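Here are my notes for someone opening this entry for the first time. Please keep the structure in view while reading the points below.

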Amino acid sequence: MRPFRGRFGAVLAIILLGGAAAVAAWLDPAPPPIAGNARASDGDSFRLGDERVRLLGIDAPEYAQTCDDRNGRQWPCGRTARDRMAQLLKSGKVDCRPEDHDQYGRLLAVCTVGGKDIAATMVAEGLAISSGRYWGEEQSARSASKGIWAGGFDTPRHWRDDHPRPSSLFGWLGSLWPQT
């Protein structure tokens, strides 16, 4: 007897896979919410107490990254993004709903300050790109030529590829290098 043959088998397989996914989610729930005062690491991550947090749904220029303005002059878009993040974080208590951890052990979270979504603000002001969650905010920033959209820039991902961290250069020794 072959239990996964035909239409009945396909339905049975879907039910079993769905059940396994539900059990996995129940056994590995999202981390609990965190709140407090935070300090910026860069334009899409910060420290909240002892926790390192990375905002979900965005990618901001790296701290050392530069972008071109509409006249082709370079400006420190990475530092500007970090400074704006610092300004947002200083405006009140930060509330985060973590969803997971990234490969560096940082909490991946949606965070607000004063009820405003921090990531949405960064994207709307042209200081970060959306990875899908904040598409409307990105389109508005692009249309208005705000921030990085005023001129030319490498996406943060491409910039990181061209400017690897020491951990990429020195293997295990790089694991000793602090991650932001």
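Which residues have the most contacts inside the largest nonpolar core?

1. The core. F46, V94, C111, I118 and M122 have the most contacts inside the largest nonpolar core, which has 35 residues. Two or more residues each come from β3 (45-48), β4, α2 (77-90), β8 (94-101), β9 (107-113) and α3 (118-124). The biggest share is that of β9, with six residues.

2. M122 up close. Set aside its neighbours within four places in sequence. M122 then touches G43, I58, A81, R84, M85, L88, L127 and A128.

3. Overall make-up and confidence. This is a predicted model, so its confidence values deserve a look. The chain holds six helices and eleven strands. Of its 180 residues, 37% count as buried. Take contacts between residues at least 6 apart in sequence: 53% of them join residues at least 24 apart. Mean pLDDT for the chain is 85, with 78% of residues at 70 or more.

4. Among the elements, α3 has the highest mean pLDDT, 98. Helix α6 (residues 166-170) has the lowest, 53. Over residues 168-173 pLDDT stays under 50, and the model has one contact for them beyond four places in sequence.

5. A buried arginine. R52 lies in strand β4 (residues 51-55). R52 is buried but has no salt bridge. The nearest side chain of opposite charge is that of D102, 5.7 Å away. What does lie by R52 is a backbone atom: the oxygen of Y104 is 2.2 Å from a polar atom of the R52 side chain.

6. The partner of D102. D102 forms a salt bridge with R106, and their closest N and O atoms are 2.6 Å apart. Is this pair buried or exposed? Both R106 and D102 are buried.

7. D44 in its loop. D44 sits between β2 (38-40) and β3. D44 counts as buried because its relative accessibility is 2%, with the cut-off at under 20%. A polar atom of its side chain lies 2.9 Å from the backbone nitrogen of A60. Beyond four places in sequence, D44 is in contact with V53, R54, L55, I58, D59, A60 and M85.

8. A link across the sequence. The structure holds eleven salt bridges. One of them joins R160 to E62, with the closest N and O atoms 2.8 Å apart. R160 is partly exposed, at 29% relative accessibility. E62 counts as buried, at 12%.

9. A pair within one helix. R142 forms a salt bridge with E138, the closest N and O atoms being 2.9 Å apart. Both lie in helix α4 (residues 135-143), four residues apart, so about one helical turn separates them. R142 is partly exposed, with a relative accessible area of 38%. E138 is buried, at 2% relative accessibility.

Notes. Residues numbered from 1 in each chain as written. Predicted model: local features only at pLDDT ≥ 70, side-chain atom pairs only at ≥ 80, totals over all residues. Heavy atoms only, no water. Buried < 20%, exposed > 50% of the residue type's maximum accessible area, 1.4 Å probe, protein only. Lys, Arg positive; Asp, Glu negative; His and termini not counted. Salt bridge = Lys/Arg side-chain N within 4 Å of Asp/Glu carboxyl O. Polar contact = N/O pair within 3.5 Å; in protein donor to acceptor, adjacent residues only side chain to side chain. Core = buried A, V, L, I, M, F, W, Y, C linked by side-chain atoms within 4.5 Å. Contact = heavy atoms within 4.5 Å. pLDDT = per-residue confidence, 0-100.
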